[in-house]
Amino acid sequence: MEYIKSKVRDVVDFPRKGVVFKDLTTVFKDPRALHTIGWDLSEAYRNKGVTKVVGIESRGFIGGSILAFELGAGFVPVRKPGKLPADTLKASYEKEYGVDEIEIHRDAITEDDIVVLHDDVLATGGTMLAAYNLVKSMNPKKIYINFIIELSALNGRELLPKDVEVKSLITY
Ligand code: AMP
């Protein structure tokens, strides 16, 4: 874990002044860190019968795909509006400036699925809560939530449902 942590790059004042952006491209480009991420992300779910990993656009696609591959599960993208080609379900959520929307294919999840929801960073939690609500509305058997990084000062965990297991590899 210390090795992965050592590869995370802090970018000050990105995308705007006052934000310290946790850049994971420096983790993903490092072969040893990428390999370790695959193992560490999947460890907690190996015996849980996970059938689908849902990754949130766009940085959640990288860890989410690795996680799905490691678990022998399928991968499902949650995307920004207008990107998915077939019939979708939508959820709106509050951002710092205005409202945003995300979508998932209506046939992506079934009631037989056991799902891990993945994003790279947990900040305020708004994005993940919206993704959770989308997946929950499709009634899967079970939902887990997973991040590479959690920014604990922003209390995103508090926004997420209390009865859902939330795991992060690295907490700041
Ligand atoms: P949230 O505030 O939890 O809804 O975060 C929204 C999205 O922005 C997440 O998908 C993160 O990938 C990204 N994000 C927010 N804050 C940061 C940060 N400080 N560093 C890197 N990514 C961030």
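Start by selecting strand S7 (114–122): with four residues, S7 gives the most to the lining of the largest pocket. This is a predicted model, where local features need pLDDT of at least 70 and side-chain atom pairs pLDDT 80 or more, while totals for chains, interfaces and linings use all residues. Residues are numbered from 1 along each chain as its sequence is written, and side-chain values use heavy atoms, leaving out hydrogens and water.

Strands here are DSSP runs of E with at least two residues, helices are runs of H or I with at least four, and both are numbered from the N terminus. A pocket is an open set of points on a 1 Å grid over the protein atoms alone, where a 1.4 Å probe fits, with protein on both sides within 12 Å along at least five of seven lines; lining residues have an atom within 4 Å of a point.

Now show the whole lining of the largest pocket, 34 residues, with Phe21, Arg59, Lys95, Ala123 and Thr127 nearest the centre. Among the elements giving two or more residues to this lining are strand S2 (20–23) and helix H5 (126–136). The volume is about 1100 Å³, counted as the space filled by probe spheres set on grid points joined across faces, edges and corners. Colour the lining by class and you get 16 nonpolar, five polar and 13 charged residues (Ala, Val, Leu, Ile, Met, Phe, Trp, Tyr, Cys and Pro are nonpolar; Asp, Glu, Lys and Arg are charged; the others, Gly among them, are polar).

Next, pick the ligand. Where does the ligand sit? The ligand sits in the largest pocket, meaning that more than half of its atoms lie within 2 Å of the pocket's grid points. S2, S7 and H5 each give two or more residues to the shell around the ligand. Of the 13 residues around the ligand, Asp119, Asp120, Thr124, Gly125 and Thr127 come nearest (a heavy atom within 4 Å makes a residue near).

Zoom in on the polar contacts, pairs of N or O atoms within 3.5 Å. A backbone N or O atom of Gly125 is 2.7 Å from a ligand oxygen, and one of Ala123 is 3.0 Å from an oxygen of the ligand. Over at Val20, a polar backbone atom lies 3.0 Å from a ligand nitrogen. The protein buries 84% of the 490 Å² that the ligand exposes when taken alone (Shrake-Rupley areas, 1.4 Å probe).

Last stop, the backbone. Select Phe14 and Pro15: the peptide bond from Phe14 to Pro15 is cis, with omega near 0°, and Pro15 lies in the loop between strand S1 (9–12) and S2. The peptide bond from Glu57 to Ser58 is cis too, with omega near -10°.

Notes. A polar contact is a pair of N or O atoms within 3.5 Å; within protein, one must be able to donate a hydrogen and the other to accept it, and residues adjacent in sequence count only if both atoms are side-chain atoms.
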